[in-house]
Amino acid sequence: MAGQELDPIEAFEAGCADILNASMTLKEIELRIAKLVFQARASQELRRNADEARNVAMNVMTESGHLGITVQFLIDSNFCDNVDELGMQFFQALKHYHLHCSLQLRSHFGVKNMEETGLEKELESRLLTELQHKGRFVDFGKRCIVNCGEVSLLIKNMPEQDKEQCTKIKDSILPFVQGADSRLKAIDAQHTLEIERNFMGKVVGRLRESMKDFDDGYQVLMRGSADIVEDMAAKMDESILFMDLTQDQEQTIEDVMGAGVDGINSLFSQGVKMNEGFSDLVSHMNTVFGETDSISGVDKLLELSSKL
C-alpha cells in the first residue's frame, strides 16, 4: 500500500512467490516473472511425476499381493488329498478378489461341481460341462468361464464395462485354475496308486491261497496215486494165489488193472483243473500289467479286483 513499507516475511507467509516494486527495471520484472512461471511449471511436472510414481508403486504392491496369494494357494493345494479339499481351498484363495464363482473339477473318478458353500447348482454345472471345450476364456455378459485341462471356473460378476479390469481379472485367476488342474491330476495319480497297491495285495493273497490249495491238492494226488498202486498190488497178490491162468482169472486181472487206470486218470484230471485255475490267475495279471497307461488301466484294475 502507498506510504506503508511491505514486510517481506509477512508477504511470503501469506503465499507470495516474489515481491516487486517500482524501483525495479522492466527487464528485471520480466526476468522475475519468467522465473516464477518456470518454477510453477517445474512444480507441476514434479507433482505429476510424483503422482505417476505413486500409482506405479501402488500397482506393484497390488501385483505383489496377487502373486503372494497365488503362490500361497499353490503351496496349500499340495496338501489337499481329495477334490473336496481342493475345491474349498480354491474358493478360500479367491475371496481376495470378491468374485462370485462356480467350480467344476473333472476327476477320473467322478465330476465335482461346487459353489462357495460347497453345494452344487444344477444350471451352473450344466453350463460348465457344455462349455469346457470352448476355449480358454468364454465371455457372455457379466459371466466368464475359465477352462484349463479338467478344471472349469464360472465367474458371475465380471466388470463387463471395464475391459482392462476384465483382462486383469482373467490374468490373475488363470494361475489358480492351472494350479488346481495340476493338483487334480496329482490326486488322481495318488488314488490310482492306492488302487494298484490294493489290487497287488489281493493278488498276493490269491497267490498264497492258490499255492496252499495246490500244495494240498498235490499231496492228496500223491497219496491217492500211492493208495491206488498199493491197492492194485494187493489185489494182484490175492488173485495170483488162486490163479491157474483160467479165463476168469485173466478177466479179474484186467478188471483190477482197468480200475487202477481209471483211478489214476481221475486224479490227473483234478490236477488239470488246478492248473487251469493258475492259468486264469496268470492271464488276469498279464492283462493288467500289460497296460502302459496307469490311469486308463485303473478301471480294469477295479474290475479285476472285484473278482479276486
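Residues are numbered from 1 along each chain as its sequence is written, and side-chain values use heavy atoms, with hydrogens and water left out. Because the model is predicted, local features need pLDDT of at least 70 and side-chain atom pairs count only at pLDDT 80 or more, whereas totals for chains, interfaces and linings use all residues.

Helices (H or I, at least four residues) and strands (E, at least two) are taken as DSSP runs and numbered from the N terminus, and two strands are said to pair if DSSP finds at least two bridges between them. On these terms an open sheet of five strands is found, in the order S2-S1-S5-S4-S3 and with antiparallel pairing. Strand S2 (110-114) and strand S3 (137-140) stand at the edges with a single partner strand each, so one side of each is left without a neighbour in the sheet. From one strand to the next the twist averages 10 degrees, where axes are lines fitted to C-alpha atoms, for helices over the stretch in contact, and angles run from 0 to 180 degrees between N-to-C directions.

Strand S4 takes part in two hairpins, one with S3 and one with S5. S3 and S4 pair in the antiparallel sense over four bridges, with Phe 140 opposite Arg 143 in S4; two residues lie between the strands, and Gly 141 in the turn has a positive phi of about 65 degrees. S4 and S5 are antiparallel over five bridges, Cys 144 having Ile 155 in S5 as its bridge partner and Val 146 standing opposite Leu 153 in S5. This second hairpin also has two residues between its strands, and Gly 149 in its turn adopts a positive phi of about 60 degrees. S4 is mostly covered, five of its six residues being buried, where buried means under 20% relative accessible area, exposed over 50%, and partly exposed in between (1.4 Å probe, protein chains only).

In H4, Glu 124, Ser 125 and Leu 128 are buried. These three cover an arc of only 100 degrees around the axis, which puts them on the same side of H4; the arc is that of the directions from the helix axis to the C-beta atoms. The cover over the buried residues of H4 includes S1, S2, S4 and S5, and the face turned away from the buried side carries the exposed residues Glu 122, Leu 123 and Glu 130. Glu 124 has a relative accessible area of 15% and, leaving aside neighbours within four places in sequence, is in contact (heavy atoms within 4.5 Å) with Ser 102, Glu 115, Leu 154 and Lys 156.

A nonpolar core is defined as a set of buried Ala, Val, Leu, Ile, Met, Phe, Trp, Tyr and Cys residues joined through side-chain atoms within 4.5 Å. The largest such core has 31 residues, and those with the most contacts inside it are Phe 90, Leu 153, Ile 155 and Ile 173. Two or more residues are given to this core by each of helix H2 (26-77), helix H3 (83-94), strand S1 (101-107), strand S4 (143-148), strand S5 (151-155) and helix H5 (163-241), with H5 giving the most, nine residues. Apart from this core lies another, of five residues, among them Leu 128, Leu 131, Val 138 and Leu 154. Ile 155 touches Leu 99, His 100, Cys 101, Lys 142, Arg 143, Cys 144, Val 146, Ile 169 and Ile 173, not counting residues up to four places away in sequence.

With a disulfide taken as a pair of cysteine sulfur atoms within 2.5 Å, the count comes to zero disulfides. For Cys 101 the nearest cysteine sulfur, that of Cys 144, is 9.8 Å away, and Cys 101 counts as buried at 3% relative accessibility. For Cys 166 the nearest cysteine sulfur, again that of Cys 144, is 7.8 Å away, and Cys 166 is likewise buried, at 10% relative accessibility.

In the loop between H3 and S1 lies His 98, which has a positive phi of about 55 degrees although it is not a glycine. At 65% relative accessibility, His 98 counts as exposed.
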